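Dear colleague,

Here is the structure that I promised to hand over, with my notes below it. Please keep it open beside you while you read.

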Amino acid sequence: MATAHNALPVPHSPVQARSLAHGAERSSEVTEMPASDSVNEADFKTAMRQVTSSVAVITARSGRARNGLTATAVCSVSAEPPTMLVCINRSATADGLIDESGAFAINFLADEQHKVARLFSTSKLSPEERFADGRWISLATGSPVLDGAVATFDCRVIEKVPSGTHHIYFGRVVGVTSLDEEALLYRDGSFRRLAAIG
Ligand SMILES: Cc1cc2nc3c(=O)[nH]c(=O)nc-3n(C[C@H](O)[C@H](O)[C@H](O)COP(=O)(O)O)c2cc1C
């Protein structure tokens, strides 16, 4: 056991100390607790950098205007009825388009589509530049859907919930596609590929 403890990185905050101890021993012997029940933004971001996520591009179209953004805050809510949620910063260009159109599409990218992820996360790039890469089609709502994405979900907004800097949009899934391809991942500030174990 001593070896396992020595191998762990040195904790630098009470919250981290608590989680490391828990991870090492899975015991209930931990007494160190955070001084308050809130954490600062820097600690939150440091922890989030260790979370590996699939990468999606969320798109929307309102009239002749279309745009989108790269997003990892995307989640399945329920299969019956099919429902997804996305968390969109209020300042993102696509936020207004989702609101106006009442629809969005979620495009989970294949690893070879990493350039699309970069285009849609480069601040305020024009839609012409963003949609120049890849073949974009539409399903039920008219929101742009990327050919070759590992999974796409065409959604109609059923609820919009403000939360801090973001809007959470719940979407009823009205169109779907999927391909057996390797997903693009994101962790610690970098796009990554899946690797099999063994
Ligand atoms: C890997 C990655 C994940 C991101 N996830 C989100 C997200 O879930 N929600 C969000 O609002 N912005 C997210 N962003 C930031 C937006 O992609 C970025 O701010 C984009 O430029 C916004 O579009 P705009 O420039 O047209 O406003 C993410 C960026 C990256 C690189």
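Three strands form an open sheet in the order S1-S11-S12, with antiparallel pairing, where strands are DSSP runs of E with at least two residues and helices are runs of H or I with at least four, both numbered from the N terminus, and where two strands pair if DSSP finds at least two bridges between them. The edge strands, each pairing on one side only, are S1 (53-54) and S12 (190-193). S11 (residues 184-187) runs antiparallel to S12 and is joined to S12 by four bridges, and Leu185 stands opposite Arg192 in S12.

Please note that this is a predicted model, in which local features need pLDDT of at least 70 and side-chain atom pairs count only at pLDDT 80 or more, while totals for chains, interfaces and linings use all residues. Residues are numbered from 1 along each chain as its sequence is written.

The ligand is surrounded by 17 residues, of which the closest are Ala71, Ala73, Asn89, Thr93 and Ser121; a residue counts as near a molecule if its C-beta atom, placed from the backbone, lies within 6 Å of it. S3 (65-71) and S5 (82-89) each supply at least two residues of this shell, and S3 gives the most, with four.

In helix H4 (residues 93-101), Ala94, Asp95, Leu97 and Ile98 are buried, meaning that 20 or more other C-beta atoms, placed from the backbone, lie within 10 Å of their own. H4 is followed by Gly102, whose phi is positive, near 70 degrees.

Best wishes

Definitions and conventions: Buried ≥ 20, exposed ≤ 12 C-beta atoms within 10 Å, placed from the backbone.
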